[in-house]
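Good morning, colleagues. I would ask you to keep the structure in view while I go through the strand pairing.

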Amino acid sequence: MASAPEDPVLERYFKGHKAAITSVNFSPSGKQLVTASWDTFLMLWNLKPQARAFRYVGHKDVVTSVQFSPLGNLLASASRDRTVRLWIPDKKGKSSEFKAHTAPVRSVDFSADGQFLVTASEDKSIKIWNMFRQRFLYSLYRHTHWVRCAKFSPDGRLIVSCSEDKTIKIWDTTNKQCVNNFSDSVGFANFVDFNPNGTCIASAGSDHTVRIWDIRVNKLLQHYQVHSCGVNCISFHPSGNYLITASSDGTLKILDLLEGRLIYTLQGHTGPAFTVSFSRSGEQFASGGADTQVLLWRTNFDELHCRDINKRNLKRLHFDSPPHLLDIYPRTPHTHERKIETVEINPKLEVHDLQISTPPVVDILSFDSTTLENIFPATEQTNGNRFRVKTIENSGRNLPDKGEDVCGYFLNPSVMSPECSPTTVKKKTDDLSDFPSESQRSIPLAVTDALEHIMEQLNVLTQTVSILEQRLTLTEDKLKDCLENQHKLFSVVQQKS
């Protein structure tokens with residue numbers, strides 16, 4: 001079916017990554033787009049024509065997640081190299097490296113005020129960081145398997161997380177406790193997020209489903225079964241009326257949450273789609289997948305009322321005490337099957353003058369970590385190492401191990417149907433850009449070696465403390481259980497006597 005003028009339209013697509021796209025995010029202004037990839041790089045795209053793109057080099061393994069800070073002056077990224085990095089999104093690209101997780105980090109998310117960052121990891125933990133002081137604050141332990149995603153609520157009071165233990169948990173950031181738990185016996189959630197007014201959460205399931213819960217009454221409101229493969233990512237339209245999904249079946253789906261139905265199927269990607277995100281205004285959305293392309297779409301629908309709704313949500317965010325009273329969703333739970341009155345859009349068949357963007361790319365290398373003094377001038381320097389940056393043209397780095405299955409990292413093969421098992425994406429290896437020679441160094445080689453050795457020892461110490469913290473938490477839980485059992489036995493003995 002041909003798309004109408006108010007239907008979504010593919011505007012352009014970007015080429016620059018050499019492996020699957022894992023994460024996309026718009027800047028608050030909507031003028032830039034940042035992407036993360038299996039090729040270990042971040043790329044910052046300027047949406048105006050003919051503008052240069054920047055490739056940020058620093059992570060040593062797959063970059064799994066990236067996000068702009070609310071002010072747009074920072075980027076946070078997570079990687080399988082077990083680190084989280086903060087970047088200044090400019091041509092210098094200074095970065096600061098955080099090491100506390102003991103396994104690959106799967107997601108990053110800023111709080112709405114930009115003061116905190118939450119990270120989720122395969123070490124089964126969720127960690128919260130203070131952005132002003134750039135330091136680790138505390139961990140949340142309750143999941144029993146890899147944590148795939150963690151997100152702040154719009155007011156910052158709650159965190160939602162999903163794990164391969166087939167649970168979705170709600171955490172209170174004030175008392176650092178798990179206050180709610182949603183479980184599923186079929187599959188696990190790959191991605192989870194709050195709606196714009198913070199009253200509901202939505203999950204992207206490995207069992208091909210999308211679910212929406214009202215967290216005030218702990219009720220499943222909507223259950224969509226519109227994909228033929230696992231759902232990898234979701235994004236709410238800023239109005240809260242629409243939800244877009246990305247799936248390993250290669251499609252994007254747009255759901256009308258007020259009417260409770262599928263309204264658009266978008267066929268832009270070749271192979272699995274791993275990530276999708278609306279811009280802050282809702283006027284555009286971007287998607288990425290195994291085909292290494294970043295697609296930029298214009299929304300076209302619901303633009304008239306979006307700004308009014310955003311203002312209303314902003315007022316409620318600052319002045320109303322939770323729970324929020326406005327409920328934009330149907331109050332009764334109901335399952336939504338595939339609808340025949342949907343519009344299918346295949347831009348390859350309809351778009352003839354599509355603007356392809358393969359801009360000149362400037363590589364920005366980060367060799368050491370440092371405190372970002374330009375962003376946090378009042379912060380004490382906690383790391384003696386100074387960071388060096390070198391801008392070069394057309395440099396590369398080693399990609400992830402050859403023959404590694406890209407889709408296998410996002411989906412559990414045991415819950416994928418045979419007909420939609422994604423193909424293995426082979427990673428190519430480019431020439432390695434070496435570190436500066438001794439003559440180019442700003443400090444003597446011996447001092448650099450000594451500092452690197454100290455950093456390695458500190459990393460080991462950090463990991464040890466993290467493990468001890470986890471074991472202490474488990475011990476406290478067991479002790480609490482023992483005390484409860486002892487209390488029950490004491491009560492039974494008293495009753496008998």
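Predicted model: local features only at pLDDT ≥ 70, side-chain atom pairs only at ≥ 80, totals over all residues.

Strand β7, residues 75-79, and strand β8, residues 84-87, run antiparallel and are joined by four bridges.

Strands β7 and β8 belong to an open sheet of four strands, ordered β6-β7-β8-β9, in which the pairing is antiparallel. Which strands stand at the edges? They are β6, residues 63-68, and β9, residues 95-98. Each of these has a single partner strand, and therefore one side of each is left without a neighbour in the sheet. From one strand to the next, the twist averages 20°.

I turn now to the other sheet on my list. Here, too, we have an open sheet of four strands, with the order β10-β11-β12-β13 and antiparallel pairing. Its edge strands are β10, covering 105-110, and β13, covering 135-141; each of them pairs on one side only. On average, and with direction ignored, neighbouring strands of this sheet are turned by 20° against each other.

Within this second sheet, I would draw your attention to one pairing. How many bridges does β10 share with β11? There are five, and the two strands pair in the antiparallel sense, with β11 spanning residues 116-121. As a specific point of reference, Phe 110 finds its bridge partner in β11 at Leu 117.

Notes:
Residues numbered from 1 in each chain as written. Heavy atoms only, no water. Pairing = 2+ DSSP bridges. Axes fitted to C-alpha atoms, helices over the stretch in contact; angles between N-to-C directions.
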